[in-house]
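Visitor: I'm new to this one, so please pick a single part and take a close look at it with me. Tell me what the words mean as we go, and finish with how the rest compares.

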Amino acid sequence: MGSTSTKIKLRTSDQKVFEVEKAVAVQSQTIKYIYENGCPDSVIHVHSVSGDILSKILDYCKKHVNSAAGKEDISPEELYEWDANFVKVDQNTLFDLILAANCLKIESLLDLTCQTVANMIKGKRPEEIRTTFNIKNDYTIEAEEAVRRENKWAFDMLGGVGTMVIEELADDTMSKCVTNTKSRVCVIAANQIVMMRSISKLANKKSIDVYKQPQNPTTPRIKESVKQRNVGTGFIELFFHFKCKM
Amino acid sequence: MEVIGDLPRELFLEILLRLPAESLMRCKYVCKYWHSLITNPKFIQLHLNYNYNNNVCVLLKRCLVTCLGQKENLLSLVCGNGFSFENLDVDLSLYRKEPCLQLLGHCDGIICLSNYRDYILLCNPATRESMVLPESCLPCYPWIRNLISQTTGLGFGYDAKSHCFKVVRIVSYWEELRGSNLPHFSRAEVYSMGTDSWKEINVTVPAHVRYSPCFETYFNGAFHWYAMDDNGNEVILSFNMGNEEFQVIPMPSFISMHDHSICRSLLVWNDCIALVIYPERGIEKSFEIFVMKEYGVKESWTNVLTIGPLTRVERPLVFRKNDEILMEGSHGQMMSYNLRNKEVKDLPIYGVPKSFSTLVYVNSLVSVKGGNQMLDQRDNTGESDEW
């Protein structure tokens, strides 16, 4: 009998039984250990995982085993996309997956799920994080004031410096940017910062004015819209530094 | 329903570890529990270790020309494949426009910048904490003899024994009237993080630091400079942060000395120091790499490989991931050379030519003022539960 057709039975906390191929089940180091050290015919009891969660986890394991073994024709990018879709679940399920991946010792799944939660936290201000995860703010008003003064930038709107290299400056570029503490917007082309404007002036604009360095020092500075400008190297680096008043 | 709060601490830490230091600074203010976890020195160390294993990137300092025609210094992080980068919000204040601002070194998320005159800055770009070092304690002697003093060497590193960061400064003294190339003598002082002043060290500085592009390197607990000894031989001068002693490391014997059309740069590659020799000028350049297989042993210098000839490349900057080297192109553009497939890639990072300076960097929550190292005096008992 070939080892690829060996099946393992798993029973969950809510008494559901799953029969899976051994290669899929042993993605879990816990199941692997129990299988190799216990009686191979008996059912393995996975008491801390519910049926729904185990079902999802087995989907994950199957996909990864098949792609590694070459049974499925899937490129690394497609697998990455599949993983990204796999974790598009509600918070309850996501945390249940983390707990289960930890208990079943499936390292890649633990890494994926933890990174997903980390990505939900990145770039958010403290109050936004609280809202996302429904966390109670137990700082008193005075304590919060004190910490705000200590690290003001952490509370500024949308912290983070954004940089994008784009082929052409499109009208809706502004909406893609992440912001941070200072109030300038710089457009850099080649080694020149060709434009610096205060963000309050740019708030609702569709096109951005660019000040070009004059060749001849006596000619006045030329103002032209970015769309018409030929940047020469073919792309512009957009460097955003701005804060919104709260 | 506070699902994230139900996670056991070690799983919650797995999530926090994957956040960059900047995000963790914001997370501190979510609630007191998060604050207590993130400010704990054990977590800071765990996070640092995680980043050393997973998130090493390159920090770049370059100059850009503003629309007012002035040059401004900009710090950026080059991540991943080099096609994405992030500009950093480091407050350089008055020194933003400083033409001679140099990136000295990096340790555990802290970087050191200086203009080699009156300004040395330690900063953690992720936490936005920074500190300007106090003035030098080394004397100027104008009233005794006609001596001119100048800071010739600066280094930044970590002393693993006393668990603190140190900055070392070498000041050289010339006798004005003699006008010779080599200084009369040099003295050194050390600043230890956590103290508030410089302390002169009573050692002779065995060689005189000179300029060479992209040479200053921190490696193996020591900081290295290009130098010349009293006989005019070129050497590598190193300062050990732990025992605060200088050592002279000889260059490979097959380098032709005093040939000023050849540049020498020192980089770290594959856990060894590597000397890169290349012509200063020319449209086509070849880069010869010598690796010191046994640290400090002259005979272990081995000519490992030659890159090129490459066109439009000015000089090497830093090795990334052992099989890729970042270089500066001749028109102020960054490029990367892959050692395996010998491919040259243009990266979309520009700056004023010859203003590029790089180092290998990880983000961390380590404080510039020290004091949050894990192995503090009182914590020596090991696994005391302070969480």
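Guide: Let's start with a term: a disulfide is a pair of cysteine sulfur atoms within 2.5 Å. By that rule, the structure holds 0 disulfides over all chains.

A word on the ground rules before we go in. This is a predicted model, where local features need pLDDT of at least 70 and side-chain atom pairs count only at pLDDT 80 or more, while totals for chains, interfaces and linings use all residues. Chains are lettered from A and ligands numbered from 1 in the order written, residues are numbered from 1 along each chain as its sequence is written, and side-chain values use heavy atoms, with hydrogens and water left out.

The part I'd pick is chain B. It has 4 helices and 25 strands. Both kinds of element are DSSP runs numbered from the N terminus: helices are H or I and at least four residues, strands are E and at least two. Of its 387 residues, 57% are buried. Buried means under 20% relative accessible area, exposed means over 50%, and partly exposed is in between (1.4 Å probe, protein chains only).

Now for the cysteines of this chain. Cys164(B) takes part in no disulfide, and the nearest cysteine sulfur, belonging to Cys107(B), sits 11 Å away. Cys164(B) counts as buried because its relative accessible area is 12%. Cys63(B) is buried too, at 5% relative accessibility.

Next, some loops. Asp108(B) sits in the one between strand 4 (102–107) and strand 5 (110–114) of chain B. Although Asp108(B) is not a glycine, it has a positive phi of about 50°. It counts as buried because its relative accessibility is 16%.

Glu244(B) also has a positive phi of about 50° without being a glycine. You'll find Glu244(B) in the loop between strand 15 (234–240) and strand 16 (245–250) of chain B, and with a relative accessible area of 13% it is buried.

One more loop to visit: Thr127(B) is placed between strand 6 (120–124) and strand 7 (129–132) of chain B. Its relative accessible area is 6%, so Thr127(B) is buried. From Thr127(B) to Tyr295(B) is 168 residues in sequence and 35 Å in space, C-alpha to C-alpha.

Let's move to a strand. Leu310(B) belongs to strand 20 (residues 301–311) of chain B, and it counts as buried because its relative accessible area is 10%. What is Leu310(B) in contact with, leaving aside its neighbours within four places in sequence? The list is Ile283(B), Glu284(B), Lys285(B), Phe287(B), Met327(B), Tyr337(B) and Val344(B). Contact here means heavy atoms within 4.5 Å. As for Gln45(B), 265 residues from Leu310(B) along the chain, the two C-alpha atoms are separated by 42 Å.

Over chain B as a whole, 50% of the contacts with a separation of 6 or more join residues 24 or more positions apart. Chain B exposes about 16,600 Å², with 49% of that supplied by carbon and sulfur atoms. Such areas come from the Shrake-Rupley method with a 1.4 Å probe, and for residues only the protein chains shown count as cover.

The accessible surface of chain A is about 13,700 Å², and 51% of it belongs to carbon and sulfur atoms.
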